[in-house]
Every structure is written in C-alpha cells, then in structure tokens.
Amino acid sequence: MERTFLMVKPDGVQRNLIGEIVARFEKKGFQLVGGKLMLITRELAEQHYGEHKERPFFGELVDFITSGPVFAMVWEGENVIATARLMMGATNPKESAPGTIRGDYAVTVGKNIIHGSDSPESAVREIGLFFKEEELVSYTKLINEWTN
Ligand code: DAT
Ligand code: MG
C-alpha cells in the first residue's frame, strides 16, 4: 500500500490545527501509520529541504521549519501521495482553492501550514529521514472494506 510523509508545520501547530488536519485525512479514508510531535534540527531541515538549497528563500525556510514543534506523520492508502497534495492545495495559498487545507487556513507562501511528499521517491526519502521502521505500525481496520 502506498505511503506518504505529511507534516503540520510550526504555524499549524501554533494555530491548533493538528486535530483538524488529522481529521481531514482520517475522514477521507486514509490510515495513520505513524505520528509524532517533534523539533526539527537545522541539520534535518537542510536535508529535508535539500532540493531548495540554492533558492533565495532557503535560509528563511530552514529558520521557519525549526522555529517550533512540528507534527510529523506517515499516512497510508491508495494513491495517498497525489491525493494528499490535492487536499493540501497549491504551495502558494494565494492560488490554493477554498476547501483545501492551504486554501482554507493559510495566507502567505512562507507559512503554508502543511508539508506533503510530492512523489513516490520523495515519500520514501522523507519517511526514512523522519521515522524509524519500528515507529510505523501496519494494521488492518475493518472499515477499510468500506473505503477500498
Ligand atoms: P511544497 O511545500 O508545496 O512542496 P515546495 O517544495 O516548492 O512546495 O517548497 C517548499 C516550501 O518552501 C513551501 O511549502 C514554502 C516555501 N517556499 C516555496 N516557494 C517559496 C517562495 N517563492 N518564497 C518563500 N517561500 C517559498
Ligand atoms: Mg515540496
């Protein structure tokens, strides 16, 4: 089953949106297989956002993501990587549709509430950066018969 890495960023934690965000993915029919509140070190932030290290906003991005606790999660389900990106909305909240997480709760690109892996390769890489295998729990829910 496909897995993705999702993270409520420091702005989402400060604004008490962890529960709201978890609820959206639960109600959609995806399954939580791991989650933890944590502080990101600068080293982990620079690895996680390595693809952006030449961009002018990189320093600001690392400062922001390390500025307070985040809620890191792994979610499982059919096509969860692409579907979670749709549920998050466009990177820049000025362009994210109402009904999406960023469209409903964010105003500027610097503070856009949630991170989600953008491809199967990123998902594997990011899950490996944030979680040990034993922190992820695979289990069967009877409700899955009604969503799959
Ligand atoms: P996403 O988070 O949708 O995958 P991304 O990988 O292109 O977007 O960028 C990572 C984060 O960097 C993004 O969530 C917010 C920040 N960011 C992106 N573009 C930016 C910009 N032009 N100015 C400031 N921050 C930006
Ligand atoms: Mg990205």
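Five salt bridges turn up when the whole of this predicted model is searched. One of them joins Arg 3 to Glu 76, with the closest N and O atoms 2.9 Å apart.

Now to the ligand. Where does ligand 1 sit? The largest pocket is its place. Around ligand 1 are Lys 9, Tyr 49, His 52, Phe 57, Leu 61, Arg 85, Thr 91, Arg 102, Val 109 and Asn 112. By class, this shell holds four nonpolar, three polar and three charged residues.

Several of these neighbours place a polar side-chain atom by an oxygen atom of ligand 1, and the table gives the distances.

| Residue | Side-chain atom | Atom of ligand 1 | Distance |
|---|---|---|---|
| Arg 85 | polar | oxygen | 2.8 Å |
| Arg 102 | polar | oxygen | 3.1 Å |
| Asn 112 | N or O | oxygen | 2.9 Å |

How much of the accessible area of ligand 1 does the protein cover? On its own, ligand 1 has 520 Å² of accessible area, and the protein covers 78% of it.

Note on methods: Residues numbered from 1 in each chain as written. Chains lettered and ligands numbered in written order. Predicted model: local features only at pLDDT ≥ 70, side-chain atom pairs only at ≥ 80, totals over all residues. Heavy atoms only, no water. Near = heavy atom within 4 Å. Polar contact = N/O pair within 3.5 Å; in protein donor to acceptor, adjacent residues only side chain to side chain. Areas by Shrake-Rupley, 256 points an atom, 1.4 Å probe, with all protein chains shown as cover. 1 Å grid on protein atoms, 1.4 Å probe; cavity = no way out; pocket = protein on both sides within 12 Å on 5 of 7 lines; lining within 4 Å. Sits in = over half its atoms within 2 Å of the grid points. Nonpolar A, V, L, I, M, F, W, Y, C, P; charged D, E, K, R; others polar. Salt bridge = Lys/Arg side-chain N within 4 Å of Asp/Glu carboxyl O.
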